[in-house]
Amino acid sequence: LRPPPPPPLPPPSAPSEYAAAQQQHLRGLGDGGLRAAVFGFNDGLVSSASLVLGVFAAGGHHDGLVWKAGLSGLVAGAGSMAVGEWLSMSVQQEALRREYDREREHIRRFPREEMRELAGLMAEKMGVPYDRVLGLIEEMLRHGEDKHLGMHAVLELGFDPEDLEKNSALKAAANSFASFALGAFIPLVMWLPPVHTSDFQRFLWTCLLSGAALAAIGTAVSSLIPMHWLLSALRQVAVGGLAAALTFAVGHFIG
C-alpha cells in the first residue's frame, strides 16, 4: 500500500497581504535600538520629573534650585546611562569574540568532532535526521569554514556573528545619552530662567507635559507588546505618576 499523499498546500496569499503581515510581525519583534531609545527616554523623563517635583515640594523653587538640580540630574543621569551602556556592551562583545575565536580554533583542531556536534545540534533543533544534516554540513565545509563557524555561533553560542560588526558600543552609548537627556529635559523646561510664570503654573505645566510624554511612551510601547495603546498609555502614566508622587511626598516631608 502506498502512503496517503500529503495534504495540499494552502493557496498563496496576495503579495501585498503577505508583506503587510510580515511587516507587522517584524514590528512586533521590535528593534533593539528602538527599545533602548524608548526606555532610555522613559528613564530620563521619570527620574527628572521625580527630581523636579521633589525639589519643588521641598521648597527649592525659592532659590532657583529646581532647574539647577534638574539640569545636574540630567547630565549625571545621561552620563551614567551612556557609561553603563558602553561598558556592558563592550564587555559582552569582548566575551563573545573570545568565545567565537575559541570556537574557530576548535574547528581547526577537531574538525570531525565539531562537525558531528553541529549536526547533533541541528538535528535536535530542526527535527531533521542526523545523517541528512551531516551530509549538508559536509557540503557546507567545501565552501570554507566561515559558514560552519557561523552556524556554531548561532546554535551553540547563541549569537549571530554579524551582530559583532553591526553593533557599536560607542553608538549605543551616544544613543542612550541622547534619549535620556531628551526625556529628562521635558519636566525641566518650565523651570528654566527664560520662562516667566508663577511657581504653581510651572508645577502644573510640569505635570501636564510629563503626563503627555508618558502617555506617548505607553502608546509607542504598545507596538511591541500585545496590549491596546490606550491601556498601555494609562499604565505608563500611572506608574510614572506614582514614582513622581512618591518623590513629591518625600520632598514635602523633609522640606
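Mentor: Let us begin with accessibility, where buried means under 20% relative accessible area, exposed means over 50%, and partly exposed is in between (1.4 Å probe, protein chains only). This is a predicted model, in which local features need pLDDT of at least 70 and side-chain atom pairs count only at pLDDT 80 or more, while totals for chains, interfaces and linings use all residues. Residues are numbered from 1 along each chain as its sequence is written, and side-chain values use heavy atoms, with hydrogens and water left out.

Trainee: Why does Glu-99 count as partly exposed?

Mentor: Glu-99 has a relative accessibility of 24%, so it counts as partly exposed.

Trainee: What makes the contact between Glu-99 and Arg-102 a salt bridge?

Mentor: A salt bridge is a side-chain nitrogen of Lys or Arg within 4 Å of a carboxyl oxygen of Asp or Glu, and the side chains of Glu-99 and Arg-102 meet at 3.4 Å, N to O. Glu-99 also forms a salt bridge with Arg-98, at 3.5 Å, and Arg-98, Glu-99 and Arg-102 are linked in a network.

Trainee: Why is the pair of Phe-56 and Phe-203 called stacked?

Mentor: Rings of Phe, Tyr and Trp (its six-membered ring) pair if their centres lie within 6.5 Å, and planes under 30 degrees apart count as stacked, over 60 as edge-to-face and the rest as tilted. The centres of Phe-56 and Phe-203 are 5.2 Å apart and their planes are at 15 degrees, so this pair is stacked.

Trainee: How do you know that Phe-203 is buried?

Mentor: Its relative accessible area is 17%, and therefore Phe-203 is buried.
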